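Me: I would like to go through this structure with you. Please keep the answers plain.

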Amino acid sequence: MIGLQFSARTLGLYARLGFSHIHYGRRGRATWWHRHTFNMFRAAILLVCVVRIFADIDAWLGVFPWLYYWPILLAGMVLMMAAFASVNYLQAYMHDDWRSGIDPENRGRLLTAGPFARSRNPLFLAVMAGQLGFFLALPSVFSLMCLVVGGVVIGRQAREEEKALTLRFGEDYMAYCRRVPRWF
């Protein structure tokens with residue numbers, strides 16, 4: 001759901017504003033690899049969810065039977081829905097300043113209020129919560145791999161974005177970093 005919402009939002013913003021809000025970075029660079037890795041996993045997750053409607057592929061996914069109980073599955077679904085709502089809220093909060101990746105045009109302001117007063121990366125936290133929810137809703141080797149790789153990629157992307165924000169906003173951003181933690 002987050003991937004579909006992300007795509008729809010990006011297309012709508014492009015139609016309205018005339019520029020892409022997705023920035024991959026230069027080919028072969030860390031941010032370019034982060035984006036492609038994340039896209040590959042999003043596509044794999046969508047494919048698995050669709051295929052599971054028509055075929056029993058749980059054995060191929062390596063489902064963990066000791067976690068496959070309704071309270072855990074329900075917790076995962078609730079966490080995914082909360083993450084989806086959070087991503088939507090945060091993107092709306094960011095509004096014109098929302099970008100995916102590092103904008104080479106340096107559009108947007110430094111957001112330090114609201115959810116950004118408690119975490120420098122609340123959107124990434126929401127996405128990681130969705131990944132944890134996916135793991136709980138489908139406890140398997142596949143979803144665990146998605147969770148681990150997603151967490152690593154998001155962590156690396158956060159550090160790359162922090163470097164770019166430090167270059168762009170200088171002391172204002174460094175003072176913000178001293179006041180507000182990266183995650184919690």
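Me: Is F134 buried or exposed, and why?
Reply: This is a predicted model. In it, F134 counts as buried because its relative accessibility is 9%, and the cut-off for buried is under 20%.

Me: And F142, buried or exposed?
Reply: F142 is buried, with a relative accessible area of 13%.

Me: How many aromatic pairs are there?
Reply: The count comes to seven aromatic pairs. One of them joins F134 and F142: the ring centres are 6.2 Å apart and the planes stand at 85°, so this pair is edge-to-face.

Me: What about the rings of Y173 and Y176, how are they arranged?
Reply: The centres of the Y173 and Y176 rings are 5.9 Å apart and their planes are at 50°, so the pair is tilted. An angle over 60 degrees would be needed for edge-to-face, and one under 30 degrees for stacked.

Me: Which residues do ring pairs link into a cluster?
Reply: The cluster consists of F64, W66 and F135, linked by ring pairs.

Me: Changing topic to charges over rings. Which ring does R9 sit over?
Reply: The charged end of R9 sits over the ring of W98, at 5.1 Å from the ring centre. There is also R107, which lies over the face of F19 with a distance of 3.7 Å to the ring centre.

Me: Which elements give two or more residues to its lining?
Reply: Those elements are α2 (30-54) and α6 (141-169). The lining of the second largest pocket includes H23, Y24, R26, R29, I102, P104 and E160.

Me: How does that lining divide by class?
Reply: The lining of the second largest pocket has five nonpolar, three polar and three charged residues.

Me: Where does D103 lie?
Reply: D103 lies in the loop between α4 (70-94) and α5 (122-137). With a relative accessible area of 7%, D103 is under the 20% cut-off and therefore buried.

Me: What lies 2.9 Å from a polar atom of the D103 side chain?
Reply: That is the backbone nitrogen of E105.

Me: What is the relative accessibility of N106?
Reply: The value for N106 is 43%, so this residue counts as partly exposed. H95 is likewise partly exposed, with a relative accessible area of 43%.

Me: Over to helix α5. Is L123 buried or exposed?
Reply: L123, which is placed in helix α5, counts as buried at 14% relative accessibility.

Me: How far apart are the C-alpha atoms of F124 and L90?
Reply: They are separated by 10.0 Å, and the two residues are 34 residues apart along the chain. F124 lies in helix α5 and is buried, with a relative accessible area of 17%.

Me: What separates the C-alpha atoms of L11 and G76?
Reply: A distance of 29 Å separates them, and L11 and G76 are 65 residues apart along the chain.

Notes:
Residues are numbered from 1 along each chain as its sequence is written. This is a predicted model: local features need pLDDT of at least 70, side-chain atom pairs count only at pLDDT 80 or more; totals for chains, interfaces and linings use all residues. Side-chain values use heavy atoms; hydrogens and water are left out. On a 1 Å grid over the protein atoms alone, a cavity is a set of points where a 1.4 Å probe fits but cannot get out, and a pocket is an open set with protein on both sides within 12 Å along at least five of seven lines; lining residues have an atom within 4 Å of a point. Helices (H or I, at least four residues) and strands (E, at least two) are DSSP runs, numbered from the N terminus. Ala, Val, Leu, Ile, Met, Phe, Trp, Tyr, Cys and Pro count as nonpolar, Asp, Glu, Lys and Arg as charged, and the others, Gly among them, as polar. Rings of Phe, Tyr and Trp (its six-membered ring) pair if their centres lie within 6.5 Å; planes under 30 degrees apart count as stacked, over 60 as edge-to-face and the rest as tilted. Buried means under 20% relative accessible area, exposed over 50%, partly exposed in between (1.4 Å probe, protein chains only). A charge sits over a ring if NZ of Lys or CZ of Arg is within 6 Å of the ring centre and within 35 degrees of the ring normal. A polar contact is a pair of N or O atoms within 3.5 Å; within protein, one must be able to donate a hydrogen and the other to accept it, and residues adjacent in sequence count only if both atoms are side-chain atoms.
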